[in-house]
Amino acid sequence: MEERRKSKNVDAKYKDLNRNIKIKCNAAKEEWINQQCQEIEQKLNIDSKFMHAQIKDVSGKKIKCSSPGCIKSKDGTMLMEKKEILNRWSEYVEDLFKDDRCEKPKIKKNIEGPTILEEEVEAAIKKMKNRKATGPDNIPVEIIKALDNLGIDLTTKLLNAIYDSGTIPEDFGKSVFIVLPKTPGATECELHRTISLMSDFTKILLRVLIHRLCKSIRLEISPKQFGFMPDKGTRNAIFTLSMLMESIEMLKDLHLCFIDYSKAFDKVRHVELFHILEKLDIDLRVIRNLYWDQTASVRIEGEHSDFKLIKRGVRQGCVMSPGLFNLYSEIILRNLDVISGLKINGENLNNLKYADNTVLIAESGKQLQKLLDTVVLESKRMGLSLNVKKTECMVISKKSSNPKCNLVSKGEKIKQVTKFKYLGYLITSDGRCTSVISKRIAMAKDTFQKMKPILANRNISMTTKIRVIKTYVWSVLLYGSECWTINKEIEKKLEAVEM
């Protein structure tokens, strides 16, 4: 009897312990969910890219692409040895960034900016994210932050020494490329995307410089550019295009051409970029030396290929690159101003831009062809080339049968489509929102199903579940909802989804 009583006591204690562990685990899980929701809510109108990345991460939408560990040579031979693979990647990087670039140009106007202040360095360091891969110097930003005032003081002295002389240390100009396959099992270099790792000190220096230059650069950028601009984003570009589609009349058609460039950011010519920057009356020493002396290697399983000189393209992972590319592409499209597009409040509107995503807009096929020819010519002059296979055109019309658009580039016919995904928003040739709303409903339902383990967990409070719904499901459903024109039928669909 005594043994049975002891056994019951042990069982009771075990059950209590197990119950307590479950309660603590559920509490920890709920706290983690709330933290994730809070992060998304904070970034809701500030950083939509981060917000949707978080949603994909938690809802399990991220696609993990695996590399087979081998790569094809130029002649199609499969390379298996690590040394041969590294040599192939080194060859690919050299070919990708090869250009007939002249020697380092002389600076005509010697404009030197003020000394870099500790406040500027502190602000730049605060913007740096933790737990990021380090560059060639293997110094993470966490070390600089841990040193607090001493770290700011030492970094300021180092950056001022570079800024005063204009000389870039060798490690500051180096980048290490990590290659990720675009599709599972990719064996060709072209089917991989490269992620660039650079020194955190370089990033701090460039953050200080871009903060000083942003005012000069933004004055040159057209209001038609929505990418990497303050108080603008994908929703603004989508809304503008949607309003144009909504405003067309029965007897008028809207002709669109969605331009796709081949590796646009990697084909920027340094000489042309330097000539553009010279006109802004800014200090160019650091930018010139950084671009003319930069090198890159590829890292595979901890081993590096040879460092190769980068002769074209804006620097990957650099905070200056978006602004510099916007300025570069702006020069290409300035010649479009004289070609007729749509007249809106007396102004000529013939294009919308989001970084390298460009939409040409015209009232007729002839006008659209003229716009496309000008873009092709100017792009070629600046070193960029259109990807004709991915460039598509569309006619937005209220007519019963969709008009034809015979658009041609480089002797090839541009494909005409009735649907196009523009910045994640589905545009259809009838100019209506029915298709995009149905697609968003399907995506929201998919996200809801993936959240079911959380939403069906009885140990998680209803408050947290509602918060999950609002942050993870509603944000997927309501992307681009500012542009929706809702009728009774769509309203019923949305109410059904909400239920």
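Biologist: Which residue in S12 does Leu256 stand opposite?

Modeller: Leu256 stands opposite Ile361 in S12. Bear in mind that this is a predicted model.

Biologist: How do strands of a sheet pair?

Modeller: Strands of a sheet pair through backbone hydrogen bonds, and the sense is either parallel or antiparallel. Here, strand S5 (residues 254-259) pairs with strand S12 (residues 357-362) over five bridges, in the antiparallel sense.

Biologist: In what order do the five strands of the open sheet lie?

Modeller: The order is S11-S12-S5-S13-S16, and the pairing is mixed. At the edges are strand S11 (351-354) and strand S16 (415-416), each of which pairs on one side only.

Biologist: Which helix lies across S5 and S12?

Modeller: Helix H12, residues 365-381, lies across both strands and runs at about 145° to S12.

Biologist: Turning to strand S3, with which strands does S3 pair, and in which sense, parallel or antiparallel?

Modeller: Strand S6 (residues 295-300) pairs with S3 in the parallel sense over five bridges. In that pairing Val176 stands opposite Ser297 in S6. Strand S4 (residues 192-198) pairs with S3 in the antiparallel sense, over seven bridges. There Ile178 stands opposite Ile195 in S4.

Biologist: Why is strand S3 described as largely enclosed by the rest of the structure?

Modeller: A residue counts as buried when its relative accessible area is under 20%. S3 spans residues 174-181, and six of its eight residues are buried, so the strand is largely enclosed by the rest of the structure.

Biologist: What share of the residues in the protein chain is buried?

Modeller: Buried residues make up 46% of the 499 residues. The protein chain exposes about 27,500 Å², of which carbon and sulfur atoms supply 52%.

Biologist: Which residues make the nonpolar surface patch of about 360 Å²?

Modeller: The patch is made by Ile143, Leu147, Leu150 and Leu154. To be part of a patch, a residue needs over 30% relative accessible area and no salt bridge. Leu150 has a relative accessible area of 48%, so it is partly exposed. Leu150 lies in helix H6, which covers residues 149-165.

Biologist: How many helices and strands does the protein chain have?

Modeller: The protein chain has 16 helices and 18 strands. As for contacts with a separation of 6 or more, 71% of them are accounted for by residues 24 or more positions apart.

Note on methods. Residues numbered from 1 in each chain as written. Predicted model: local features only at pLDDT ≥ 70, side-chain atom pairs only at ≥ 80, totals over all residues. Heavy atoms only, no water. Patch = residues over 30% accessible without salt bridge, like charges linked within 9 Å, V, L, I, M, F, W, Y side chains within 5 Å. Areas by Shrake-Rupley, 256 points an atom, 1.4 Å probe, with all protein chains shown as cover. Salt bridge = Lys/Arg side-chain N within 4 Å of Asp/Glu carboxyl O. Helix = DSSP H or I, 4+ residues; strand = E, 2+ residues; numbered from the N terminus. Buried < 20%, exposed > 50% of the residue type's maximum accessible area, 1.4 Å probe, protein only. Contact = heavy atoms within 4.5 Å. Pairing = 2+ DSSP bridges. Axes fitted to C-alpha atoms, helices over the stretch in contact; angles between N-to-C directions.
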